[in-house]
There are 2 protein chains.
Amino acid sequence: MVATLKDVANKAGVSPSAVSRTFTDGASVSDKMRKKVEKAASDLGYSPNFLARSLTTRRTKLIGLVSNNFHNPIFLEVFDLFTRGLQDLDLRPLLVNLSSETDPEHSVQMLKQYSVDGVIVASSTLPPEFSMAFRNKQMPVVNTFGRYSSSPEVHVVGIDNAEAGRMAARELVARGYASVAFLGGPENATSTQDRLKGFKEEIDKHPRITFSSSYAAAYSFDAGRAEILRLSRQVASTGQPLAEAYFCGDDVLSIGVLSALQESGLHVPNDVGILGLNDMEMSRWENINLTTIHQPIKQIINSSVELMAAMLDEPDRYPEARLFPCRVVERGTLRSRLDTTE
Amino acid sequence: MVATLKDVANKAGVSPSAVSRTFTDGASVSDKMRKKVEKAASDLGYSPNFLARSLTTRRTKLIGLVSNNFHNPIFLEVFDLFTRGLQDLDLRPLLVNLSSETDPEHSVQMLKQYSVDGVIVASSTLPPEFSMAFRNKQMPVVNTFGRYSSSPEVHVVGIDNAEAGRMAARELVARGYASVAFLGGPENATSTQDRLKGFKEEIDKHPRITFSSSYAAAYSFDAGRAEILRLSRQVASTGQPLAEAYFCGDDVLSIGVLSALQESGLHVPNDVGILGLNDMEMSRWENINLTTIHQPIKQIINSSVELMAAMLDEPDRYPEARLFPCRVVERGTLRSRLDTTE
DNA sequence: GATATTTTTGCAACCGGTTGCAAAAATATC
DNA sequence: GATATTTTTGCAACCGGTTGCAAAAATATC
C-alpha cells in the first residue's frame with residue numbers, strides 16, 4: 001500500500017542503501033544520485049518509516065510525557081509548551097496519564113515497550129520512585145517541577161520551592177498580617193513540603209505572627225475549596241478563627257479558597273488575604289485577579305526540553321538541577337504593603 | 001543492554017519462534033513451553049519491543065491525538081478522558097499540537113512516519129482538510145467535536161451544534177429576553193457556524209425579539225473578553241445598546257464576557273444574561289456559576305475511543321456520525337424563566 | 001501397540017529500514 | 001595518460017520481532 005524504501009530503489013534503479021543514504025543526514029551520496037532518488041521518492045510519495053529506522057539507529061525520537069494532574073488548568077499550558085518545544089526539535093510526545101497509577105513498574109514497562117528515547121516527568125506530586133524507576137532502566141529522565149535534592153540521579157528543572165515559601169512569607173509579613181497560614185497541596189508532595197518549610201522558616205523569625213497550616217487533598221479547585229470550608233467550620237465549633245492571610249500551595253487551590261470565602265460573605269482582601277503560586281493564565285483573568293508568586297513555566301519547560309535534547313546525545317550526563325527564580329505578581333487578593341521604612 | 005527475544009530463547013534453550021508465540025495472544029504453545037519461556041523472560045526482565053513487532057503485525061497501537069486549542073480549559077478534561085480511554089484499551093496517544101500549523105500535508109507526514117494506527121482529531125476549529133488529508137492516506141480518523149455532514153468520509157462524534165443553537169434560543173425566549181445576541185467563536189469554525197444557524201433559526205420565529213451576532217477570534221477567555229469590550233465601546237459611539245442576553249459559543253468565551261461585564265459595572269444576570277456551551281468543570285465553580293448548555297464530553301470521548309478501536313479492526317467501516325443530546329444546566333447567569341402557561 | 005489425527009515446535013523468510021566493508025567510479029597528481 | 005587518492009556505491013548482515021509451512025511430538029482411535 002504505502003511505498004517502501006525498496007519501491008523507491010526499484011523505481012530509481014539504484015540500491016536500497018542509496019535510498020537510505022539519501023534520507024540520512026550526513027551520509028555520502030552524489031548529487032546525481034540524490035536527485036534521482038528524490039524524484040522517485042516524491043513520485044511514490046515515500047517517506048521513511050521512523051519505527052523501522054529506529055531498530056538500527058536505536059533512536060525513536062519518542063519522548064514519554066508523564067503527568068498525573070489533569071485537574072489543574074496550568075497543566076494545559078504545560079502540555080502546550082511541551083508539545084511545541086518537543087515538536088520544534090522533531091521529537092514526539094507520547095502522553096502518559098498516571099492519575100490512577102500506583103505501580104512504577106507498570107509505567108516503566110509501558111514506556112520501555114515503545115522504546116522512548118527519554119521520559120519527562122511533569123509533576124511535583126508523583127512519588128520520586130517513578131522517576132527513579134525510569135532512570136534505573138537507563139532511560140534519560142527529566143523531572144520537571146521536581147525536588148532538586150531528593151533524587152540526585154535524576155535531572156530536575158523547576159523552582160526552589162523552599163525559597164518560594166520564604167518569598168511568600170516575606171510578602172505577607174511586609175503587609176502586616178498578624179496571623180498567617182499555609183494551605184498546601186497534598187501533604188506527601190515534595191513541592192508542598194518544601195514550600196511549607198521555607199514559609200514557616202521565615203514566619204518563625206517573627207514570633208508575634210501566628211502560624212498554622214493544613215493540606216488540601218490535591219492541587220485542584222475542589223480540594224482547595226473543601227479545605228477552607230473545613231477550616232471555616234472549625235471556626236464555628238472551636239472558636240479558632242481563620243488566619244488573616246493564606247499562602248496557598250498553588251493558584252487553582254487559591255481560586256477554590258477564594259470561591260468559598262466570597263460565598264461565605266468574607267471579602268478578599270479586606271477580611272482575608274490570599275496569595276497563590278504559579279501565576280497561571282487564569283490568575284490574571286479580571287474576575288479572578290489573584291495575587292500570586294509567578295513561576296516561570298515557559299522558561300522551565302523550554303529548559304526541560306533543551307536538557308532532554310542534550311541527554312539524548314549524552315545519556316550519562318552528570319545530573320543537574322536547573323532552578324529559576326520566582327517573583328510576586330501583585331493583583332487584588334492581598335491588602336497593601338505597610339508604608340514603613342524599617 | 002536490554003534483553004531481546006533471542007536472549008530469552010537462548011536462556012530457555014528454545015527457538016525464537018517459541019518465545020515470540022509465548023508473547024502473542026492466541027498463538028499455539030504448550031504449557032510446559034510457556035512456563036519455561038516465562039521463567040527465562042522474567043529472569044532477564046524481557047518485554048517485547050512493540051515497535052519491532054509492529055513491522056510485521058502492522059499495528060503500532062499508537063494513536064495520533066491531534067488538537068489545536070491549548071487555551072480552553074475544557075481541553076484538559078478532553079486530554080484526561082482521551083488518555084485514560086486509550087490507555088484502557090492498551091493504545092498510546094501521540095499528542096500533536098497543531099496550534100500554529102497550517103499545512104495538512106506536514107501533519108500527515110509526521111503521523112505517517114510514526115505509523116500511527118489511527119488519528120483522533122479533537123477540534124471543532126481545525127479546517128476539515130486536515131481530517132480529510134489523514135483519511136486520504138488510509139488512516140482511520142475520528143473527528144471528535146466535528147461537523148457531521150461536512151466530511152462524509154470521516155467519522156464524527158459530538159453534538160448537533162445547530163440543535164444546541166436552537167436549544168439556546170428556546171431557553172432565552174422562555175426567559176423573556178427582548179433582544180438577544182450570539183457571540184460565537186472563530187467565524188470559520190464549523191461549530192460556530194452551526195450554532196449560529198440553529199440559534200438564529202429559532203429566534204427568527206419570534207419577530208419581536210431583536211437579534212444580532214458577532215465573533216470572537218478564538219475559543220478563549222481573552223477573545224471573549226475582547227469581543228464584548230468591542231461591543232461595549234460601540235454602545236458609546238453608535239448608541240446601539242448591548243443585547244439583554246448573550247448566547248456565547250463556548251464556556252471559556254462566556255467567562256471572558258462575564259469578566260468584562262462585571263468590570264464595567266453591569267450585573268449578571270440582572271443587567272445582562274449569559275448562556276454558555278460546554279459545561280466544563282470550571283463553569284460550576286461557585287465564583288463562576290455559569291448557566292450553560294451541557295455537552296456530554298465524557299460520553300463523546302468514550303464513544304470516540306470505542307469508535308477508533310472498532311475502526312482498527314474494520315478500517316473500511318462505513319462512516320457514521322454519533323451525536324449526543326445536550327441539556328441546559330441552570331446556574332446563575334440567566335434571569336428566571338417567565339411564569340407563563342402559553 | 002500400530003496407525004491416524006491433532007498439537008506443538010523450529011526453520012527460514014520476511015517486516016522496513018541502516019551500516020561496515022570492499023569494490024567501483026570519479027577525481028587528483030604527476 | 002598512467003597511477004594514486006578520494007568519493008560513491010552496492011552487498012550482505014543486522015536491528016527485534018512474526019508467521020506460513022513442514023517436521024516432530026503428542027494424543028486419539030481402533
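In this predicted model, DNA strand C is surrounded by 26 residues, of which A:Leu5, A:Ser20, B:Ala18, B:Met33 and B:Leu55 are the closest. Two or more residues of this surface are given by each of α2 and α4 of chain A, and by each of α2, α3 (31-44) and α4 of chain B. Sorted by class, the surface near DNA strand C holds eleven nonpolar, twelve polar and three charged residues.

The element that gives the most to the surface near DNA strand D is α4(B), with five residues. The classes in the surface near DNA strand D are eleven nonpolar, twelve polar and three charged residues.

The arrangement of the two protein chains was examined next. In general, two copies of a chain are related by a rotation about an axis and a shift along it. Chain A is superposed on chain B by a rotation of 180° with 0.0 Å of shift along the axis, and the RMSD is 0.0 Å. This is the relation of a two-fold axis. Within chain A, the C-alpha nearest the axis belongs to A:Leu94, at 2.3 Å from it.

Contact between the chains involves 38 residues of chain A and 38 residues of chain B. On the side of chain A that touches chain B, at least two residues are supplied by each of α4, α5 (74-88), β2 (92-97), α6 (104-113) and α11 (251-263) of chain A. Helix α5(A) gives the most to this side, with seven residues. By class, the side of chain A that touches chain B comprises 18 nonpolar, 14 polar and six charged residues. Because 100% of the interface residues of chain A are also interface residues in chain B, the copies meet through the same surface.

Within chain B, helix α5 (residues 74-88) packs with helix α12 (residues 297-313) at an angle of about 40°, and their axes are 9 Å apart. The crossing of α5(B) and α12(B) is right-handed. From α5(B), the residues in contact are B:Glu77, B:Val78, B:Leu81, B:Phe82, B:Gly85 and B:Leu86, which meet B:Ile297, B:Lys298, B:Ile301, B:Asn302 and B:Val305 of α12(B). Seven nonpolar, two polar and two charged residues make up the contact of α5(B) with α12(B).

The sheet of chain A was then considered. Strands of a sheet pair through backbone hydrogen bonds, either parallel or antiparallel. In chain A, six strands form an open sheet with mixed pairing, in the order β7-β6-β8-β9-β10-β12. Strands β7 (210-215) and β12 (327-329) of chain A are the edge strands, and each pairs on one side only. From one strand to the next, the twist averages 25°. Strand β6 (residues 179-184) of chain A and β7(A) run parallel and are joined by six bridges. A:Phe182 has A:Ser213 in β7(A) as its bridge partner. Helix α8 (residues 161-174) of chain A lies across β6, β8 (245-248), β9 (273-278), β10 (292-294) and β12 of chain A, and runs at about 155° to β9(A).

Chain B likewise contains an open sheet of six strands with mixed pairing, in the order β7-β6-β8-β9-β10-β12. At its edges stand β7 (210-215) and β12 (327-329) of chain B; each has a single partner strand, so one side of each is left without a neighbour in the sheet. The twist of this sheet averages 25° from one strand to the next. Six bridges connect β6 (residues 179-184) of chain B with β7(B), and these strands run parallel. Among the residues paired in this way, B:Gly184 has B:Tyr215 in β7(B) as its bridge partner. Helix α8 (residues 161-174) of chain B lies across β6, β8 (245-248), β9 (273-278), β10 (292-294) and β12 of chain B, at about 155° to β9(B).

Conventions:
Residues are numbered from 1 along each chain as its sequence is written. Chains are lettered from A and ligands numbered from 1 in the order in which they are written. This is a predicted model: local features need pLDDT of at least 70, side-chain atom pairs count only at pLDDT 80 or more; totals for chains, interfaces and linings use all residues. Helices (H or I, at least four residues) and strands (E, at least two) are DSSP runs, numbered from the N terminus. Ala, Val, Leu, Ile, Met, Phe, Trp, Tyr, Cys and Pro count as nonpolar, Asp, Glu, Lys and Arg as charged, and the others, Gly among them, as polar. Copies are superposed by least squares on the C-alpha atoms of residues with pLDDT of at least 70 in both. Two residues are in contact if their C-beta atoms, placed from the backbone, lie within 7 Å. Axes are lines fitted to C-alpha atoms, for helices over the stretch in contact, and angles run from 0 to 180 degrees between N-to-C directions. A crossing is left-handed if the near helix is turned anticlockwise from the far one by less than a right angle, and right-handed if clockwise. A residue is near a molecule or strand if its C-beta atom, placed from the backbone, lies within 6 Å of it. Two strands pair if DSSP finds at least two bridges between them.
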